[in-house]
Amino acid sequence: MTAESPGSPSALMLEQVSTFSQVRSFSDLDSLAGDTAAREFVNRGPIPPALAAFRYDDYVKISYKHEKATWWDNDSPFCMETFHQGFVQRDRVWLFASERDKNRLIPFSTDDFNYDLPDLDLDSIAGAGHAGIKLAGRIGNESAQEFLTFLGSSYFRGRSERSLYGASARGLAVNVATDGAEEFPFFRAFWVDQPKPGDTSITIRALLDSTSVAGAYEFILKPGTDQTRVSVKASLHFRRIPEKLAIAPLTSMWIWGDGLAGPPKDDRPACHDSDGLLIRTGDLKNSDWTWRAFSRSPYPSVSTFATDKLIGYGVMQRNTSFFHFGDYNAKYNERPSVFVTPAKNWGAGRVELFELPGAHEGIDNIGAYWIPDQPPTTDKPLRLEYTVDFFRGDHGDESNVARATSLEIDRSGKSIEMSVRFAGGQIDKIDSKANVEIQVKTIRGEAIRKDLQKTKTGDWLMTLALEPEEKAPMEVQATLQLDGKTLSETFVYLCPHQEPEFVYPDIYTR
């Protein structure tokens, strides 16, 4: 291998690695991020041509040898594996194990991987590097299982013991959902602290970089049986102020489900990693909850929710019934909800929901993130602290109000009929003859009729007859109240006049 061969470390990269090896703490990393932002941005280097030519089917034939994992061969409660470059995974990350106040560089080696690719010349990819990392841990005396991965740009995914990987979080998003091109900050290097026997958490630090910003990140992973929490601390140094800065972004997939039928040859009732956006505002003791069920239009859509008292937001997989999905392979009913909670008040701003058409279920088409009203500056860093929780089902704190658990839309009549089922809270104890009211607000349409009935199971079924007034989809907002008291979360939906039609790929031939 020579310094000039494709994918091999350049002199500049080796100089960076020497600098990276000096990072001992978050304070050191913060200083490094500031120094990085003060210099001209250096783009990623190329990867070996053989890896660049990979297709997905090639890439998945490479697997890490578990016994090669860092801290595998001792009594450590956590161990670390790496991802291989190739296909769309073209980032190269430098990886250090922080052991006894010293950083040990984890070199890339083809000896760490199994290659089910007989025609691949391993010498041709000797200049490759790590594309990302995965953290595995033990809960009790169980064998190690993955709980957190970092792969691609600034994406990371977590799971609890009782869930699978699903929706992703990102370190940062820049100029998302604008007329221009989105900028994708990426992690250049990771430092992972060696855990001690008995530790229930592990600390990962990362240097983020892009043309606009360099940042220091610290992630503390605490896996759990029902919930895995990633505590995040970040310090962002700006080279320039972007058009839109998206804080704590989440990414998910929704192709069909409540409100939209799937392709005719696929009999699965639903196909999604998440079914809605949940926003919590107000105060902790008496929070206001907003539920925006996902929809899918043939064009990009942006919805905003302004607030000056954000408690948290998340992309939720509220429905965890297997029969809602009927998929033994993807197991969407076991995908986690992902919820962001600021450690301190982030001030005035808005939660933004970005919905794309999406060609198929292998493509994420949902984004949710926080946009501050006060833009950052180049003269001082923007410092953030928050948690990202991964768990199955509903948010445990949403117990004071009823939740919208299902949605049906009927367009066969003169008006659009929308039915929403509310359950939970204390709503099942309210007498069916009580004067429960539906508070409705609409944009670009009118609710010409509304009806509410209590079911035999104690749920309440709200039915609205909607009449469009403009060509664009109607926005519908509804809340249940009794004697001025709020009984339910605020249900929000973007309702097109006609059910959107999509051309699905041949994969949907079940």
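The model is predicted; local features require pLDDT of at least 70 and side-chain atom pairs count only at pLDDT 80 or more, while totals for chains, interfaces and linings use all residues. Residues are numbered from 1 along each chain as its sequence is written, and side-chain values use heavy atoms, without hydrogens and water.

Strands (E, at least two residues) are DSSP runs numbered from the N terminus. Strand E3 spans residues 94-99 and is mostly covered, with 6 of its 6 residues buried. Buried denotes under 20% relative accessible area (1.4 Å probe, protein chains only). Trp94, Phe96 and Ser98 point one way from E3. Leu95, Ala97 and Glu99 point the other way.

Strands pair if DSSP finds at least two bridges between them. E3 runs parallel to strand E11 (residues 186-193), joined by 5 bridges. Alanine 189 in E11 is the bridge partner of tryptophan 94. Strand E4 (residues 102-105) runs antiparallel to E3, with 4 bridges. Here leucine 105 of E4 stands opposite phenylalanine 96. A hairpin is formed by E3 and E4, with 2 residues between them. In the turn, arginine 100 has a positive phi of about 50°.

Serine 337 belongs to strand E22 (residues 337-342). Its relative accessible area is 0%, so serine 337 is buried. A polar atom of the serine 337 side chain lies 2.7 Å from the backbone oxygen of glycine 393. Not counting residues up to four places away in sequence, serine 337 touches Val315, Met316, Gln317, Arg318, Asp389, Phe390, Phe391 and Gly393. Contact here means heavy atoms within 4.5 Å.

Technical notes: Buried < 20%, exposed > 50% of the residue type's maximum accessible area, 1.4 Å probe, protein only. Polar contact = N/O pair within 3.5 Å; in protein donor to acceptor, adjacent residues only side chain to side chain.
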